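Please read this report with the sequence and the 3D structure side by side, and follow each named part as it comes up.

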Amino acid sequence: MELAFGKKEEELRKEVRAFLKENIKEEDTSGGFNNRSDEAFEEAKVFNSKLAERGWIAPAWPKEYGGLGASIYEQMVFNEEFGYHGAPDTGTRGFGVGMIGPTLIIHGSEEQKKHYLPKITSGEHIWCQGYSEPGSGSDLASLQTRAVRDGDDYVLNGQKIWTSGGHRANQMFTLVRTDPEAPKHRGISFLLIDDIKNTPGLTLRPLINMANRHHFNEVFFEDVRVPAKNLIGEENRGWYVGMTLLDFERSGIGTTAGQKHTLEKLTALVKEMPDDLREKNRLKLADHVVSNNVARFLGYRIGYIQAKGQVPNYEASVVKIFQSELGQRIYGFGVNMLGLNGQLMPEQTGAPLAGEMPEAMLQAVPSTIYSGTNEIQRNIIATRGLGLPRG
Ligand SMILES: Cc1cc2nc3c(=O)[nH]c(=O)nc-3n(C[C@H](O)[C@H](O)[C@H](O)COP(=O)(O)OP(=O)(O)OC[C@H]3O[C@@H](n4cnc5c(N)ncnc54)[C@H](O)[C@@H]3O)c2cc1C
C-alpha cells in the first residue's frame, strides 16, 4: 500500500511552495500568530490579505464563503507547507478557520454563516477564544461568567483568562453561564462578541509568558451587552457547540511539518560537526526523525477521518499527546545540541539558527497544557477510545 498524496495535490504543493518562497521573509522564524512585534503582526495581515485574494485562507470551505471548495487532502497540503515554511498568521487561520469557522458551519444559522464566514476568509475578522476562567480550565463546565438576557441582548459579567492573541483579535467566541440552576453542562451558552476592542465594559490585561512574549491575556466583562442574535445554537445548549469546536482545535498537522523543517536544519548542522560531537548527536537525531514521521502519519489519519465527513474525536487526542510531547523533546534536543550559544533568543546577537531553538522550546512547554491538558486527552482516549469507565 502506498501512502502518498495524488498528482493534483503534489501540483498544488509546488504552487503553494512557490508562493511562500516569494512572500515569506527568510529570517522570520516566529511563525503562527505568536508574532514577536507589532510590525510582524502587520506583516502577517498583509500576508493573509494575499492569501485571501487567492481564496487560500480556508481553501476547503465552499466558494460562497470565500473558500475554493478544495478537498481535505488539498487543505492538508496547505497546512503542511504553511507549517514547514513558518507562514505567519494573525490568528485568522488558527482560531478562525481552524475553530470557529467549522463550528459555525455545523451549528450556525444560515444568516450567521453568511455574515461571519466571508469575514474570516477575507482576513477581516481575527478571532480569539474565551473559554478558560481562573477557576475553570480542565473542568471547563464549571465556568462562572454569567450572561443574563435583557431585551434583545445578553448582559455579561465575569472573567476569562489565558486568552491567546486577545490583544490582536477583534472578535471573540465564548462560553457563558445562562442558567445557574441547571446541571453544569446544561446551563451554558455559546456567544460571539463582535468588535471586542470597542465593546463597552470589556477590558483586556496582558499576561507575559516565560518566553517574555505577550501571548495571552485576562479578559474582564462588566455589564457587557451582546446581541442575542449572536447566540450559536440554542440557549443552554452551548456546551455541545463548544465541544465540537474543541474537536477541531485538536486536529492540526502543520506543527509536524514545522518540526520536519527544524530537524532538517539540525541534520545539516550535525553533518558539519567534528567527529565526537557528530557521534554524540546522530542517533538521537535519527530517533526524532522517526517519531516525527509517526506524528505525520497520525495526523494524516485525522485528515482521512475529516475527508469522510466525520469529526475526529479521541483520534485527535492521540495526535495532540504525541505531537506536543515530541515537540518538547525535539526543541530541547536542538537547544542542547547547539551548546551554550543554543540558549540565545532571537533578539540576542550571535544566536544560532536565529534563536529558533530556545524560542520554540519555551513555546513548546505549554503545548501539553493548552487545547486540553495531556492528562485530559489521556482520559478521552481511555473512555471514548478504549471504552473504559471514567476514572
Ligand atoms: C499557552 C496557552 C494558551 C492558552 N490559550 C487559551 C485560549 O486562547 N483560550 C482559552 O480559553 N484558554 C486558553 N488556555 C487555557 C487552557 O485551556 C487551560 O490552561 C487548560 O485547559 C488547563 O486548565 P488549567 O490551566 O485551569 O489547569 P487545571 O485544570 O487546574 O489543571 C491543573 C493540573 O491538573 C490536571 N488535571 C485536572 N483535571 C484532571 C483530571 N480530571 N484528570 C487528570 N488530571 C487532571 C491537569 O492535567 C493539570 O496538570 C491556554 C493555555 C496555555 C498554557
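How do the residues of the shell around the ligand divide into nonpolar, polar and charged? They divide into seven nonpolar, 10 polar and one charged, where Ala, Val, Leu, Ile, Met, Phe, Trp, Tyr, Cys and Pro count as nonpolar, Asp, Glu, Lys and Arg as charged, and the others, Gly among them, as polar. The model is predicted, and local features need pLDDT of at least 70, side-chain atom pairs count only at pLDDT 80 or more, and totals for chains, interfaces and linings use all residues. Residues are numbered from 1 along each chain as its sequence is written.

**The ligand and the domains**

Among the 18 residues around the ligand, those that come nearest are Tyr131, Gly137, Ser138, Thr373 and Glu375; a residue is near a molecule or strand if its C-beta atom, placed from the backbone, lies within 6 Å of it. Strand E1 (127-130) and helix H11 (374-385) each supply at least two residues of this shell, and the largest share, three residues, comes from H11. Helices (H or I, at least four residues) and strands (E, at least two) are DSSP runs, numbered from the N terminus.

The domain assignment, which is automatic or from a database, gives domain 1 (7-90), domain 2 (128-238) and domain 3 (250-385). The shell around the ligand draws at least three residues from each of domain 2 and domain 3, while the centres of domain 2 and domain 3, taken over C-alpha atoms, are separated by 31 Å.

**Helix pairs**

Two packed helices are described by the angle between their axes and the distance between the axes. Axes are lines fitted to C-alpha atoms, for helices over the stretch in contact, and angles run from 0 to 180 degrees between N-to-C directions.

| Helix pair | Axis distance | Angle |
|---|---|---|
| H4 (92-107) and H5 (110-121) | within 10 Å | roughly 160 degrees |
| H7 (254-272) and H8 (275-307) | 10 Å | about 160 degrees |
| H9 (314-337) and H11 | within 9 Å | roughly 145 degrees |

H4 and H5 are therefore roughly antiparallel to each other, a term used for angles over 145 degrees. The crossing of H4 and H5 is left-handed, meaning that the near helix is turned anticlockwise from the far one by less than a right angle. Their contact includes Gly96 and Leu104 of H4 and Tyr116 and Leu117 of H5, where two residues are in contact if their C-beta atoms, placed from the backbone, lie within 7 Å. By class, the residues of the contact of H4 with H5 are six nonpolar, four polar and one charged.

H7 and H8 are likewise roughly antiparallel to each other, and H7 passes H8 in a left-handed crossing. Among the residues that meet are Leu263 and Leu266 in H7 and Leu285 and Val289 in H8, and this contact has six nonpolar, seven polar and four charged residues.

The crossing of H9 and H11 is left-handed. Their contact includes Val318 and Ile321 of H9 and Ile380 and Ile381 of H11, and its residues divide into five nonpolar, five polar and four charged.

Technical notes:
Angles under 35 degrees count as roughly parallel, over 145 as roughly antiparallel, 65 to 115 as roughly perpendicular and the rest as oblique.
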